Amino acid sequence: LGDNVPHMRQLQWEVVSAAPSDRARVLRVDGKLLDLGQASGDDNNCLIDTLRQQLDVQANQAEVRKQLVAAFPGGPTQVGPWSYLELQHHWQEVVRQLGGDPASFRVVCVDLHYRGNGDVVGQGSQTLYIARERANHFVPLRARLA
């Protein structure tokens with residue numbers, strides 16, 4: 001069997017430029033140049049903050065977290081007051097709580113800890129680009145301004 005298709009969790013992306021600390025600053029994903037942004041990690045709400053920024057909305061992150069705790073009360077996807085949020089399990093409800101329709105979005109997440117890896121969730125017509133740093137911290141990726 002040939003090896004000519006992407007593997008599960010494989011995503012084509014590359015670092016275009018990095019800071020002296022070797023932190024990626026500019027990435028090329030889907031042929032687009034994207035700047036690495038920042039998100040608050042307070043109370044492990046970085047996925048909420050990242051998607052909030054990408055949707056360009058104002059939101060009370062503590063209130064969104066409270067709604068997630070209610071929506072995921074048990075099992076492997078349970079959300080507690082300070083638990084880490086996982087893209088594949090929680091992104092749709094985060095988008096919904098931020099006032100968006102998850103069916104409208106596709107989220108492309110590059111994994112900066114494991115080069116050449118990432119996730120694509122959703123099948124909507126609008127793509128949100130994000131990155132995961134240090135295996136569990138999400139940050140937005142923004143289109144470079146010309």
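These legends describe an overall view and several close-up views of one predicted protein model.

The model is predicted, so local features need pLDDT of at least 70 and side-chain atom pairs count only at pLDDT 80 or more, while totals for chains, interfaces and linings use all residues. Residues are numbered from 1 along each chain as its sequence is written, and side-chain values use heavy atoms, with hydrogens and water left out.

**View 1**
Helices (H or I, at least four residues) and strands (E, at least two) are DSSP runs, numbered from the N terminus. Read from that end, the order is β-β-β-α-α-α-β-β-β-β. The protein has 146 residues, and 41% of them count as buried. Buried means under 20% relative accessible area, exposed means over 50%, and partly exposed lies in between (1.4 Å probe, protein chains only). Now take the contacts with a separation of 6 or more: residues 24 or more positions apart account for 47% of them. A contact means heavy atoms within 4.5 Å.

**View 1. Helix H1 is largely enclosed by the rest of the structure.**
Ten of the ten residues of H1 are buried. Among them are Cys46, Leu47, Asp49 and Arg52. What covers the buried residues of H1? The cover includes H2, H3 and the strands S4 (105–111), S6 (126–133) and S7 (137–143). Just after H1, Asp56 takes a positive phi of about 55°.

**View 2. Gln53 sits in helix H1 (residues 46–55).**
Is Gln53 buried or exposed? Gln53 is buried, because its relative accessible area is 17%. Leaving out residues up to four places away in sequence, Gln53 touches Gln38, Ala39, Pro140 and Arg142. The side chain of Gln53 reaches the backbone oxygen of Gln38 at 3.0 Å. The side chains of Gln53 and Arg142 are joined by a polar contact of 2.2 Å. A polar contact is a pair of N or O atoms within 3.5 Å; within protein, one must be able to donate a hydrogen and the other to accept it, and residues adjacent in sequence count only if both atoms are side-chain atoms. Gln53 and Leu141 are 88 residues apart in sequence, yet their C-alpha atoms are 9.7 Å apart in space.

**View 3. Pro76 lies in the loop between helix H2 (61–71) and helix H3 (87–97).**
Pro76 counts as exposed because its relative accessibility is 83%. His89 is 13 residues from Pro76 along the chain, and their C-alpha atoms are separated by 9.4 Å.

**View 4. Salt bridges link distant parts of the chain: Asp30 with Arg106, and Asp35 with Arg144.**
A salt bridge is a side-chain nitrogen of Lys or Arg within 4 Å of a carboxyl oxygen of Asp or Glu. The structure holds seven salt bridges. Asp30 and Arg106 meet at 3.8 Å, N to O. Asp30 is in the loop between strand S2 (24–29) and strand S3 (32–36), while Arg106 is in strand S4, 76 residues apart. Asp30 is partly exposed at 38% relative accessibility, and Arg106 is partly exposed at 23%. In the bridge of Asp35 and Arg144, the closest N and O atoms are 2.4 Å apart. Asp35 belongs to strand S3 and Arg144 to the segment after S7, 109 residues apart.

**View 5. Asp119 and Arg132 form a salt bridge, and both are buried.**
Their closest N and O atoms are 2.5 Å apart. Asp119 lies in strand S5 (residues 117–121) and Arg132 in strand S6, so the pair ties together parts that are 13 residues apart in sequence. Salt bridges that share partners join Asp111, Asp119 and Arg132 into one network.

**View 6. The largest nonpolar core has 22 residues.**
A nonpolar core is a set of buried Ala, Val, Leu, Ile, Met, Phe, Trp, Tyr and Cys residues joined through side-chain atoms within 4.5 Å. Which residues touch the most other members? They are Leu47, Leu51, Leu68, Leu87, Trp91 and Ile130. H1, H2, H3, S4 and S6 each give two or more residues to this core. The largest share, five residues, comes from H1. A second, separate core of 14 residues includes Trp13, Leu27, Leu34 and Val110.
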